[in-house]
Amino acid sequence: MQKYILAHKKELTVINGSLLLLALLDHFFLTQGKIVPFALILSGIVGVLPIAIQAYQSLKVKIVSIDVLVTIAVFGAFFVQSYEEAAVVTFLFLAGHFLEQATLSKTRKAIKALTEMAPEVSLKKNQAGQFEEVPIDEVNEGDILLVKTGGKVPVDGKVLTGSGYVNEASITGESKTANKQIGSAVYAGTILENGTFQLQAERVGEDSAFGKIIELVEEAQDSKSSAERFIDKFSKYYTPVVLLLAIIVGLITKDIELAVTALVLGCPGALVIGIPVSNVAGIGNGAKHGILLKGSETIQDFSKVDTMVFDKTGTLTVGAPRVNKVISNPEINENKAISTLVSIEAESDHPLAQAVVKTYPDTLKYPVTQTQVIKGGGIIATVNGNKVTLGNLQLIKTNKIKLRPEEIAQSKELEAEGNSLIFMAINNQLALILGIKDQLRPNVKNELASFKKLGVKNLVLLSGDNQGTVDQIAQQLSLTEAKGNMLPEDKAMYIKKLQEEGKNVTFVGDGVNDSPSLATANTGIAMGNGTDVAIETSDIVLLNSDFSRLAPTLRLVKSTSHNMLQNIVIAVGVVLFLLSSLLFSNWINMGIGMFVHEASIIVVILNAIRLLNYRLK
């Protein structure tokens with residue numbers, strides 16, 4: 001019976017309101033007055049049924065909810081034969097709940113639109129070599145799939161044949177199309193606007209970038225910040241206090257109606273719902289623009305940032321470095337040295353390694369064995385029976401490889417010009433010094449300046465690159481501080497040091513080599529094109545790696561945080577106003593108070609909905 005009543009709450013609200021309307025019509029227009037008491041009593045009974053059931057369910061788990069207060073208030077109204085107030089209060093409470101759900105659903109519209117983009121079917125190649133439509137659940141890694149013009153890319157994978165232009169807005173937040181050729185990576189949920197291609201599935205279902213985005217956004221909506229947890233705890237104790245206050249008022253004044261009205265007006269409905277609805281709206285807006293905000297705790301932390309720490313490669317720079325200059329040892333065959341270099345770098349995804357491979361695309365490659373990765377230093381490997389040491393200057397010094405005076409001078413000259421340096425030694429003899437240069441992101445200086453306007457006091461660069469390159473970039477961008485030659489653990493330790501000084505630190509990196517820093521900082525932001533590491537290791541992900549989205553993201557979280565505060569002020573202000581009006585004036589009654597109370601809930605929800613239309617500039 002309880003389930004049936006709760007399942008038909010909307011219908012009961014309509015009956016409750018219709019009976020109330022019938023009583024009003026009889027009172028004001030028919031002037032018979034015979035129907036009025038029966039209609040009001042029946043309206044109050046119909047209306048209180050779902051509320052009383054919910055009150056009973058909350059009391060079973062030892063929670064004095066708003067439903068408990070309203071139920072007591074309605075029974076109190078019946079006791080003092082104030083039937084019109086019982087009918088009005090139940091109708092306003094039920095109608096208010098209906099409007100809350102209707103307006104709250106609007107805040108989830110962005111998330112719903114996102115989940116609806118998830119593909120449900122795919123054209124899969126069968127054993128006969130034909131493509132047949134199958135449910136997405138039947139697609140496995142390694143399957144060959146066909147995507148036609150206008151179709152959704154069903155999984156993450158690589159293009160095998162064909163080409164086309166793909167709208168990647170669901171991943172990056174940008175509606176402009178990306179040209180996909182053979183070998184290009186494509187992502188589930190994106191749309192092929194022009195062309196046809198076949199792809200091989202690499203990640204399917206929840207493992208795809210799009211699947212992870214939906215999962216993380218849904219988790220973010222359900223997560224609670226310290227402020228929300230405080231409000232939940234506050235309301236848990238607040239409602240019994242209101243009940244106690246009503247009892248005291250009744251005992252002092254001997255006025256049961258006044259006590260019952262105090263119960264209604266003291267309900268903390270707007271206070272309880274104000275923060276979560278702002279949180280959901282802010283996260284929804286971010287998701288719509290390719291910004292993943294992983295929960296309201298992240299919103300609170302990032303809104304208070306005063307120190308931003310940046311990685312260099314792929315963050316302040318475009319992440320597409322190129323070989324600028326090569327210095328070779330005349331005692332070693334340069335072509336063989338280059339081949340040895342490319343053989344090792346071809347096995348690495350590091351941006352500097354890729355710069356080398358792109359510079360020498362047709363170079364002969366040797367087999368590489370016994371590879372040892374030195375964290376923050378480089379690689380030691382065996383190539384054609386030779387021991388090869390490849391990495392930064394620190395790695396060279398650690399392995400006691402000597403540099404001649406002219407080589408030291410040349411490396412310092414390259415460093416002063418802003419080059420990142422790669423040293424390679426073969427059998428403990430220096431063979432090559434490479435100067436590699438990356439370009440700063442366009443307009444990055446102005447973007448950094450905008451953080452100052454948003455209250456960020458310190459802009460810090462931490463890089464594994466040499467100090468000369470780091471200093472040059474810091475000077476160009478007017479950074480507060482810059483430190484080079486730092487290992488990933490050094491960066492994390494430096495962030496801890498800043499936090500111990502009382503700073504709220506945000507770290508911005510590429511999400512590949514700096515997971516310790518992303519985890520240590522108050523807020524970790526990954527510049528990642530939907531990659532697994534970028535999505536999983538940070539608090540905020542900019543899916544299209546657009547540095548210009550950083551400042552708008554900070555403005556969004558500040559606006560969301562301010563919106564939460566506004567809702568708290570509205571909620572508390574209305575309750576204080578109603579209770580003071582009740583105790584120190586005679587204009588208010590239960591019906592008017594309930595109307596104002598429910599209106600305040602709608603106001604905080606509508607206030608939060610403004611965040612959905614917040615424009616990221």
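Which residue forms a salt bridge with Asp-311? The partner is Lys-491, and the closest N and O atoms of the two are 3.2 Å apart. We will come back to this pair after a look at the whole chain.

The model is a predicted one, so local features need pLDDT of at least 70 and side-chain atom pairs count only at pLDDT 80 or more, while totals for chains, interfaces and linings use all residues. Residues are numbered from 1 along each chain as its sequence is written, and side-chain values use heavy atoms, with hydrogens and water left out.

Let's start with the overall picture. The chain has 24 helices and 20 strands; these are DSSP runs numbered from the N terminus, with helices being H or I of at least four residues and strands being E of at least two. Of the 617 residues in the chain, 53% are buried. Here buried means under 20% relative accessible area, exposed means over 50%, and partly exposed lies in between, using a 1.4 Å probe and protein chains only. Among contacts (heavy atoms within 4.5 Å) with a separation of 6 or more, 67% come from residues 24 or more positions apart.

Seven strands form it in the order β8-β20-β19-β18-β9-β16-β17, with mixed pairing; two strands pair if DSSP finds at least two bridges between them. Strands β8 (291-293) and β17 (481-483) stand at the edges with a single partner each, so one side of each has no neighbour in the sheet. On average, neighbouring strands of this sheet are turned by 15° against each other, direction ignored.

Helix α12 (residues 296-303) touches β8, β9 (307-310), β18 (505-509), β19 (523-527) and β20 (540-542), and its direction makes about 100° with that of β19. Helix α19 (residues 467-477) touches β16 and β17, and its direction makes about 160° with that of β17. For these angles, axes are lines fitted to C-alpha atoms, for helices over the stretch in contact, and the values run from 0 to 180 degrees between N-to-C directions.

Now back to the charged pairs. Side chains of opposite charge can pair when their charged atoms come close. A search of the whole structure finds nine salt bridges, each being a side-chain nitrogen of Lys or Arg within 4 Å of a carboxyl oxygen of Asp or Glu. In the opening pair, Lys-491 and Asp-311 form one of these salt bridges. Lys-491 lies in helix α20 (residues 488-500) and Asp-311 in the loop between β9 and α13 (312-316), so the pair ties together parts that are 180 residues apart in sequence. Lys-491 is buried at 5% relative accessible area, and Asp-311 is buried at 7%.

Another salt bridge joins Lys-124 to Asp-143, with the closest N and O atoms 3.4 Å apart. Lys-124 sits in strand β1 (residues 121-125) and Asp-143 in the loop between β2 (131-135) and β3 (144-147), 19 residues apart. Lys-124 counts as buried at 19%, and Asp-143 is buried at 16%.

Arg-404 and Glu-331 also form a salt bridge, their closest N and O atoms being 3.8 Å apart. Arg-404 is partly exposed at 29%, whereas Glu-331 counts as exposed at 59%. Salt bridges that share partners join Glu-331, Arg-404, Glu-406 and Glu-407 into one network.

The loop between α16 and α17 also holds Lys-400, whose phi is near 55°, a positive value in a residue other than glycine. Lys-400 is exposed, with a relative accessible area of 74%.

Finally, turn to a helix pair. Helix α23 (residues 550-584) and helix α24 (residues 590-609) pack at about 175°, with their axes 9 Å apart. They are therefore roughly antiparallel, a label given to angles over 145 degrees, while those under 35 are roughly parallel, 65 to 115 roughly perpendicular and the rest oblique. Residues of α23 in this contact include Asn-563, Ile-570 and Leu-578, and those of α24 include Gly-593, Val-603 and Ala-608.
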